[in-house]
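Subject: Structure for your review

Dear colleague,

Please find the structure below, together with its sequence. My findings follow it.

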Amino acid sequence: MSEGVAPATVEELIRHRLSEALGGARGALETALPTAVFVIAWLVVKDLRVAVGLAAAIALVLAVVRVVQRGSLQHVLGSVAATGIAAWFALRSGRAEDAFLPGILLSAGYAVAILVSIVTKWPAVGFLVGVADPRAQTDPFAWRRDRAVVAVCQRLTWVLLALYAVRLAVMVPLYLAGQVAALGVAKIVLGWPLWLGALALMGAMLVRGHTPLESEPERES
């Protein structure tokens, strides 16, 4: 969408705001790299502390690079936090597969929260849309007052729920079987690539739709 041009439909508005709210390829790399390093190190040396230490070091290096480049720390800080929590779980139990337990529990929590958001008609995708809303600082729930936006976000949120359901269906059996290498591969594949698949499906749904806006949106930059 060009600068200063207001969106004509709900779908156009949501496409623009989702693209602003979600990270790109670099965010995907920052999320996946510590996991890849952990799995490779564990498979090579079979030393949990070494694997955890290398993964944490990579996450910190990524954060330092962001700071030096004065870039956004949003995604890399999430990676640092996730790596730290995973390391604590693994070191506490002494089992490498427990490094993946926080992610599994988080996915389960998200799945429940997303389902609740659908049932209560406060769809989770609406909050992603709201983040990029120019009115968000003064009115974070402005999106909620447009019934057309809510209806479209409701349909898109079902896709989000399916994403977390797939993650759990794959990761839980692998965790119970203690398959560390398979868990690492699954976490990476079911991370950004699955997000891309979900976004592609959402995009297809949005391209086909032409729902008129009920309220006049602010011009998007």
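Helix α7 of this predicted model covers residues 147-177, and its 31 residues should span 45 Å at 1.5 Å a residue. The end C-alpha atoms of α7 lie 46 Å apart, which agrees with that expectation. After α7 comes G178, with a positive phi near 70°.

The corresponding check was made for helix α5, residues 101-119. Its 19 residues should span 27 Å at 1.5 Å a residue, and the end C-alpha atoms are 27 Å apart, so the two values agree. The buried residues of α5 are L101, P102, I104, S107, A111, I114, S117 and I118. An α-helix has 3.6 residues a turn, so residues three or four places apart point the same way. K121, which follows α5, has a positive phi near 65°.

Two individual positions may also be of interest to you.

G126 belongs to helix α6, residues 124-131. Because its relative accessible area is 0%, and buried means under 20%, G126 counts as buried. Beyond its neighbours within four places in sequence, G126 is in contact with W143 and C153. Its C-alpha atom is separated by 9.5 Å from that of A151, a residue 25 residues away along the chain.

T83 is located in helix α4, residues 74-93. With a relative accessible area of 11%, T83 is likewise buried. Setting aside neighbours within four places in sequence, the contacts of T83 are P34, A55, A56 and A59.

Yours sincerely

Conventions. Residues are numbered from 1 along each chain as its sequence is written. This is a predicted model: local features need pLDDT of at least 70, side-chain atom pairs count only at pLDDT 80 or more; totals for chains, interfaces and linings use all residues. Side-chain values use heavy atoms; hydrogens and water are left out. Helices (H or I, at least four residues) and strands (E, at least two) are DSSP runs, numbered from the N terminus. The expected span of a helix is 1.5 Å times one less than its number of residues. Buried means under 20% relative accessible area, exposed over 50%, partly exposed in between (1.4 Å probe, protein chains only). Contact means heavy atoms within 4.5 Å.
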